[in-house]
Amino acid sequence: MDTVDIVDRARATGPARAELADFLRNRRARRQPAEVGISTLGQRRTPGLRREEVATLAGISATWYTWLEQAREIGVSRGVLGRLSGVLGLDQAERAHLFRLAGHVPPARDTARVSECGAPHRILLAQLDPSPAVLTNRRLDVIAWNRGYQSLFGDLGRLPGGDRNLLWLAFMNPRFRALSPEWETEAAAILGQFRDRLGDRVTEPTTRALVRRLEEASADFRRLWRAMAVAPARPRRRPILHPRLGRIELETMELAISDGGEATVLASLAPPGSDLAERLSALLDEVDSSGVHLGGAARRHGGEMVAEHRRHDPVVVRREKGEVSAGEQHHPAVGAVFDPS
């Protein structure tokens, strides 16, 4: 029986314990001996791995593992769960499910990995125009933004990559602060959302580096950060004091994307057909017409980045070859995917 992680045990009870037992049996039956380096001769009566094989590979006793599959009320450590995940070949979602069933918080994903902005994400961002919208990862790094966002808040492509983070922009970008007539409320809301999104992942090295950078640069951040506010993103009215539009109010909400990643769209919406929506649309004429902008690479001059996107766009290529039918439309959001890491 494992003894290394004995201080880090949790107990799942009732239905969760029965579900844990069923899940382990199912994934054990699915795992083939050859996948873990076990050679077999002839037919095996047991599909997949045997209990004692799983136990040996995970470094625990066969009796204790059998108790787990029998739904007995025993504690199980994170270390054991991690080793069982590897032996059973669980993917990230299955691993998180196993931890939850056992009464543990799932292991953190790497939030330093900036998600890619795929074509569906870009179409969604473009459809939200003229309302400003951004695609962010869990750490609030900005992955992509639409024309509506650029028209209100400026071109993020001109900023260094490390500054394209909503937390950094709120505290350190003069334009963003000037646009927020209720800056203290807005900054506190973003901080609470930041903590809520990250949970225990707030201790990850890249996140800690961002926090240290802000603590060194901003007394306001140090003050609000130490208040330890935690608040999930909720729909709210966001006032903006724009030099052209004056004071306006947009309905801000978070749109989770169920694609297995950790990207989220943050949108500030104007009612369709409203006077405000028309005024926002008028602002779009003053920004370039390239659709959705991708973070990561430094923005090149004279629309070169836009040209690079379109050069690899299959619809554009087909159009230039005369292969696109008259009724087929090219959406401005569809372009090449750039790795923003």
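**Close-up views of a predicted model**

**View 1. Met 228 in the loop between α12 and β5.** Met 228 is placed in the loop that runs between helix α12 (219-225) and strand β5. In this predicted model, the phi angle of Met 228 is near 60°, a positive value in a residue other than glycine. Most residues other than glycine have a negative phi. With a relative accessible area of 52%, Met 228 counts as exposed, because the cut-off for that class is over 50%.

**View 2. Leu 140 in the loop between β3 and β4.** Leu 140, like Met 228, has a positive phi although neither is a glycine, and the angle of Leu 140 is near 70°. The loop that holds Leu 140 is the one between β3 and β4 (142-145). Leu 140 is buried, its relative accessible area being 0%, whereas Met 228 is exposed.

**View 3. Asn 165 and its surroundings.** Asn 165 belongs to the loop between α7 (147-153) and α8 (166-172), and its relative accessibility of 1% places it among the buried residues. The side chain of Asn 165 makes a polar contact of 3.0 Å with the side chain of Asp 141. When neighbours within four places in sequence are left aside, the residues in contact with Asn 165 are Arg 139, Leu 140, Asp 141, Val 142 and Leu 210.

**View 4. The salt bridge between Arg 28 and Glu 69.** Among the 20 salt bridges of the structure is the one that Arg 28 forms with Glu 69, with 2.7 Å between the closest N and O atoms. Arg 28 lies in helix α1 (residues 15-30) and Glu 69 in helix α3 (residues 62-69), so this pair ties together parts of the chain that are 41 residues apart in sequence. Arg 28 and Glu 69 are both buried.

View 5. The side chains of Arg 238 and Glu 186 meet in a salt bridge with an N to O distance of 3.5 Å. Because Arg 238 lies in strand β5 (residues 236-242) and Glu 186 in helix α10 (residues 183-198), the pair ties together parts that are 52 residues apart in sequence. Arg 238 and Glu 186 are both buried.

**View 6. The cis peptide bond between Asp 129 and Pro 130.** Asp 129 and Pro 130 are joined by a cis peptide bond, for which omega is about 10°. Most peptide bonds are trans. Pro 130 lies in the loop that separates α6 (119-128) from β3 (133-136).

**View 7. The whole chain, for orientation.** The chain contains 15 helices and eight strands, and buried residues make up 46% of its 341 residues. Of the contacts with a separation of 6 or more, 62% are between residues 24 or more positions apart. The accessible surface of the chain is about 17200 Å², and carbon and sulfur atoms account for 52% of that area.

Terms used:
Residues are numbered from 1 along each chain as its sequence is written. This is a predicted model: local features need pLDDT of at least 70, side-chain atom pairs count only at pLDDT 80 or more; totals for chains, interfaces and linings use all residues. Side-chain values use heavy atoms; hydrogens and water are left out. Helices (H or I, at least four residues) and strands (E, at least two) are DSSP runs, numbered from the N terminus. Buried means under 20% relative accessible area, exposed over 50%, partly exposed in between (1.4 Å probe, protein chains only). A polar contact is a pair of N or O atoms within 3.5 Å; within protein, one must be able to donate a hydrogen and the other to accept it, and residues adjacent in sequence count only if both atoms are side-chain atoms. Contact means heavy atoms within 4.5 Å. A salt bridge is a side-chain nitrogen of Lys or Arg within 4 Å of a carboxyl oxygen of Asp or Glu. Accessible areas come from the Shrake-Rupley method with a 1.4 Å probe; for residues, only the protein chains shown count as cover.
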